[in-house]
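Please look over the structure shown below, and keep it in view while reading the report that follows.

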Amino acid sequence: ATRHFRDYLGISPGDTLRELHRSLVAAPVAPGSLSQRHPTGREATVSRLVSLIEMGTSVAVVGEDGIGKSTVAREVWRVLRRRGRRAVMVTADQNVASATALLDDVMVELGLPQLVGLDAGDAFVRSVVAEASSDHLVIVVDDIGGVGPSTVTALEQCVRDSQVQLL
C-alpha cells in the first residue's frame, strides 16, 4: 500500500496519516449510531424527490452502479411513509423466471391477491387503479431496468390511469 501511494499518487503515507488511521479505527462507535445505508449528504436530493412525488409527478432516478440510487429511493420511501403517504417499495429481481414477479411483489405489499393467468398485467392494472382510487399510491421500484416490457407497460398504465406515482 505504501508503494502504491508513493508510485501512483506521488505521496508517502507518513506518520500523520498512520496516526489518523489508528485514531479512526480505535474510536468507539455507539451501537445504532451509524446506518450503513443512510443517505448522508443526499438530504437535498431526497427532499426534492419527495416534493416532486407529493406534487403528483413520477420520477426516474438514473446513474451508474453504486452511486446510491437504491439508498436514496429507500429513504424517499421512508419519508413518504412517515408523512402518512401510501407507498410500497419492491426490488426487481433479474434472476426470477416469472414475467410478473415484480407485479406480484407489488400486489403482496398492497395486501392484494397474487396474479394468476395470462391477463396478469391487466389484472394488476385494474387492482392497483382500484386501490389508488381512494388515496394516492407511490410505487418505488428498485432496479427497474431488470424488468420486462409487459411489467413496464403495466406500471405505465397505472401511472397514466390513476393516482399512482412511480419512483
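## The largest nonpolar core

Which residues have the most contacts inside the largest nonpolar core? They are Phe124, Val128, Ile139 and Leu155, in a core of 25 residues. A nonpolar core is a set of buried Ala, Val, Leu, Ile, Met, Phe, Trp, Tyr and Cys residues joined through side-chain atoms within 4.5 Å. Buried means under 20% relative accessible area, exposed means over 50%, and partly exposed lies in between (1.4 Å probe, protein chains only). At least two residues of this core come from each of strand E1 (87–91), helix H5 (101–110), helix H6 (120–132), strand E2, helix H7 (149–161) and strand E3 (164–166), and H6 gives the most, with six residues.

Leaving aside neighbours within four places in sequence, phenylalanine 124 is in contact (heavy atoms within 4.5 Å) with Leu103, Val106, Met107, Leu115, Ala154, Leu155 and Cys158. A second, separate core has 16 residues, among them Val46, Leu49, Val59 and Val72.

## How the model is described

This is a predicted model, in which local features need pLDDT of at least 70 and side-chain atom pairs count only at pLDDT 80 or more, while totals for chains, interfaces and linings use all residues. Residues are numbered from 1 along each chain as its sequence is written, and side-chain values use heavy atoms, with hydrogens and water left out.

## The overall fold

The protein has seven helices and three strands, which follow the pattern α-α-α-α-β-α-α-β-α-β when read along the sequence. Helices (H or I, at least four residues) and strands (E, at least two) are DSSP runs, numbered from the N terminus. Of the 167 residues, 32% count as buried, and among contacts between residues at least 6 apart in sequence, 64% join residues at least 24 apart.

## An enclosed helix

Helix H5 is largely enclosed by the rest of the structure, because seven of its 10 residues are buried. Those buried residues are Ala101, Leu102, Leu103, Asp104, Val106, Met107 and Leu110. Just after H5, glycine 111 takes a positive phi of about 75°.

## The largest pocket

A pocket is an open set of points on a 1 Å grid over the protein atoms alone, where a 1.4 Å probe fits, with protein on both sides within 12 Å along at least five of seven lines; its lining residues have an atom within 4 Å of a point. The largest pocket has a volume of about 470 Å³, where grid points are joined across faces, edges and corners and the volume is the space filled by probe spheres set on the points. Its lining has 21 residues, and Val61, Lys69, Val141, Asp143 and Ile144 lie nearest the centre.

Helix H4 (69–82) and strand E2 (137–142) each supply at least two residues of this lining, and H4 gives the most, with four.

Aspartate 142 has its place in strand E2, whereas aspartate 143 lies in the loop between E2 and H7. Aspartate 142 is buried, with a relative accessible area of 9%, while aspartate 143 is partly exposed, at 40%.

Not counting residues up to four places away in sequence, aspartate 142 touches Ser70, Met89, Val90, Thr91 and Ala92. The C-alpha atoms of aspartate 142 and valine 61 are separated by 9.5 Å, although these residues are 81 apart along the chain. For aspartate 143, phi is near 65°, a positive value in a residue other than glycine.
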